[in-house]
Amino acid sequence: MSATSLPISNVGAASMEMSSAKLWRAYATEIKFECLRAMRAPAFSIPFLLLPIVLYVLFGVLLAGNMSHGDPTVAKIMFVNWAVFGVMGPGMFGFGMFVATEREQGLMTLKRALPMPYGANLMAKLVMTTLFALIVVLTLIAAAVAIGHPGLSVSQYFGITLLDVAGSLPFGAIGLFIGTRASGKSAPAFANLAYLPFMHLGGLFYPLPKSVQPLEFISPAFYLDKLGLWLVGAPNMDRLANNIGPSSHGGPLLYATVLVTITTLFTAMSIRRLARVG
Amino acid sequence: MNRESLAELSGVKKRYGAINALDGFDLEVRPGELLAVLGPNGAGKSTAISLLLGLREPDAGTARLFRKSPLQIEVRRRIGVMMQEVTLAGELKVREHIELIASYYPEPLAIEEVLRLTNTTALADRPYGKLSGGQKRQAQFALAMCGKPALLFLDEPTVGLDIQARTVMWAALRQLIHDGCSIVLTTHYLEEAEALADRVVVIAKGKAVTSGTVAEMRAIVGRKHITCSTSLAPNIVAAWPGVQSVNRDRERLEITASDADAVVRRLVESAADFSGLEVRSAGLAEAFTELTQTHTDQEVAS
């Protein structure tokens, strides 16, 4: 052990105010390490960064392209649907898994005892999941431009990027809600319990049979998908399968309102829970 | 409220359902001291610490850090914390964890300085998840002190450390105290309290049983240990006045006595052969066991 004196002089004399520059730096540091940590966690980064692009190319471009003989409407729908699929995972699991694990492992408690700036850990997770969502959408756009030929304009790609990055938030809010209630081990299972029905009922992969269609309203993916299709001017799969044009009932405003409501509701419930129970 | 105290619990009560975790508990941390909080599992140690850290609020009484509510982030910028059961993100390196925690404080130590002082330079670039249990504790200690705290809370800091790592941590703690930091330490290793503490608070069933210096604690109990090699039968010695218990460990007899002088006199008078006579004060371990035991007995009696 070093015999050098610790530079802990003026103990208690120093000002305990943080300059706003230092405060911002603390938030930025939290964000930086949250992202780094998620990138380095193979169980998170591999499925959620690689899987969307692999599945999109395989099913959305090659398989669907073959079956539809290169129908541009199908190409558009495929692109929009797989982009929705791509941003669901980081949101739900990024919050669900990490929050549950950190609660269970006492890290949330430690950070409450430490002078962590208010909400820094949740804000860092928010930035991390939106960053992951952004990467997913950008890789899908790159693949679409290179081989998918959905024939979208630059502004449509831009719109889809903004929409789907923001669209990861309702999934993040639901993931957070799961994370504040489930244990670290059960959180991925509970997240899947929501993720899988959301995915399938969202009508992302195949036209839903009529009997199941009323259930699609419970899936946030359904609303996000509808918004995306509205942006690119394509019908959803059910309507395409039945040869009818873009939906006339409901509208982008309604879909957006539903998604904002889901986000607000689940975030509020989660924060309440975290403040009370930790 | 004492102007001098850095942290104070006064008359705090805390219940969890039917369990009285703290029942009118007082605690005061003075500048520049190392205060050891001792008590059996479930005595209320962790609850007391969590009240001081603002993690829980007392049902009655007050918890104060630097004369303010521990819920205020400004006062928590003057403390460092090492908790017992925390798992940090395994994907981040030790150096990165220090950088993160240090960013919470207005004037933290430089990372290299923290690594050097806690002897963790060799661990700096290893992912936290790949460290051994003892190395994780060392890293957590580095995190506790990286913000240059005036008051350090350490919950069982040396659990899982090998002797060398523990010696390093003890030296760092002594250095911190020397430089004006105050420390609150809970521990199961009673020799740790003996080696480091200025004051000891013994807690049992949510109440402070006693507090004082390590020497005062021993004086309160006043037991002595006498050991010697002898052929005397334990049951004979056990009947002598002042003897509380006798054990035989191979040829050596271990006697616990309230009056060591009387026992030694008797040993000489008995004309039995004996060699290697040793008399020493009871360790804090015994003092502690006795104190909590007595407290429990009194409660049962009342």
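Tutor: Start with contact: two residues touch if their C-beta atoms, placed from the backbone, lie within 7 Å. This is a predicted model, where local features need pLDDT of at least 70 and side-chain atom pairs count only at pLDDT 80 or more, while totals for chains, interfaces and linings use all residues. Residues are numbered from 1 along each chain as its sequence is written, and chains are lettered from A and ligands numbered from 1 in the order in which they are written.

Student: Why is Val37(B) called buried?

Tutor: The cut-off is 20 or more other C-beta atoms within 10 Å of the residue's own; 12 or fewer is exposed, and in between is partly exposed, with C-beta atoms placed from the backbone. Val37(B) has 27 within 10 Å, so Val37(B) is buried. Val37(B) lies in strand S3 (residues 34-38) of chain B. Leaving out residues up to four places away in sequence, its contacts are Lys45(B), Ala48(B), Val184(B), Thr186(B), Val201(B) and Ile203(B).

Student: What makes helix H3 (residues 94-102) of chain B mostly covered?

Tutor: Eight of its nine residues are buried. Among them are Val94(B), His97(B), Leu100(B) and Ala102(B). The cover includes helix H1 (20-40) of chain A, and helices H4 (111-117) and H5 (133-145) of chain B.

Student: How many residues of helix H1 (residues 45-52) of chain B are buried?

Tutor: Eight of eight. Lys45(B), Thr47(B) and Ala48(B) are among them. Gly54(B) follows H1(B), with a positive phi near 80 degrees.

Student: Which residues of the largest nonpolar core touch the most other members?

Tutor: Val81(B) and Leu152(B), in a core of 151 residues. Such a core is a set of buried Ala, Val, Leu, Ile, Met, Phe, Trp, Tyr and Cys residues joined through C-beta atoms within 7 Å. Helix H3 (residues 72-104) of chain A supplies the largest share, 18 residues. Val81(B) has contacts in both chains, including Leu110(A), Leu114(A), Leu53(B) and Phe153(B). Apart from this core lies another, of 11 residues, including Cys228(B) and Leu267(B).

Student: How do you know that S1 (residues 7-16) and S4 (residues 60-65) of chain B pair?

Tutor: Pairing needs at least two DSSP bridges between the strands. S1(B) and S4(B) have five, and run antiparallel. Leu9(B) faces Ala63(B) in S4(B). S1(B) also pairs with S2 (residues 19-29) of chain B, antiparallel over eight bridges. There, Leu9(B) has Leu27(B) as its bridge partner. S1(B) and S2(B) make a hairpin with two residues between them, and Gly17(B) in the turn has a positive phi of about 60 degrees.

Student: What is the order of the six strands in the open sheet of chain B?

Tutor: S5-S6-S7-S3-S8-S9, with mixed pairing.

Student: Why are S5 (79-82) and S9 (207-212) of chain B said to stand at the edges?

Tutor: Each has a single partner strand, so one side of each has no neighbour in the sheet. Inside the order, S3(B) and S7 (residues 182-186) of chain B pair in parallel over four bridges. Leu34(B) bridges to Ile183(B) in S7(B).

Student: Which helix packs on the sheet and touches S5 and S6 (151-155) of chain B?

Tutor: H5(B), whose direction makes about 165 degrees with that of S5(B). H6(B) packs on the sheet too, touching S3, S6 and S7 of chain B, at about 145 degrees to S7(B). Axes are lines fitted to C-alpha atoms, for helices over the stretch in contact, and angles run from 0 to 180 degrees between N-to-C directions.
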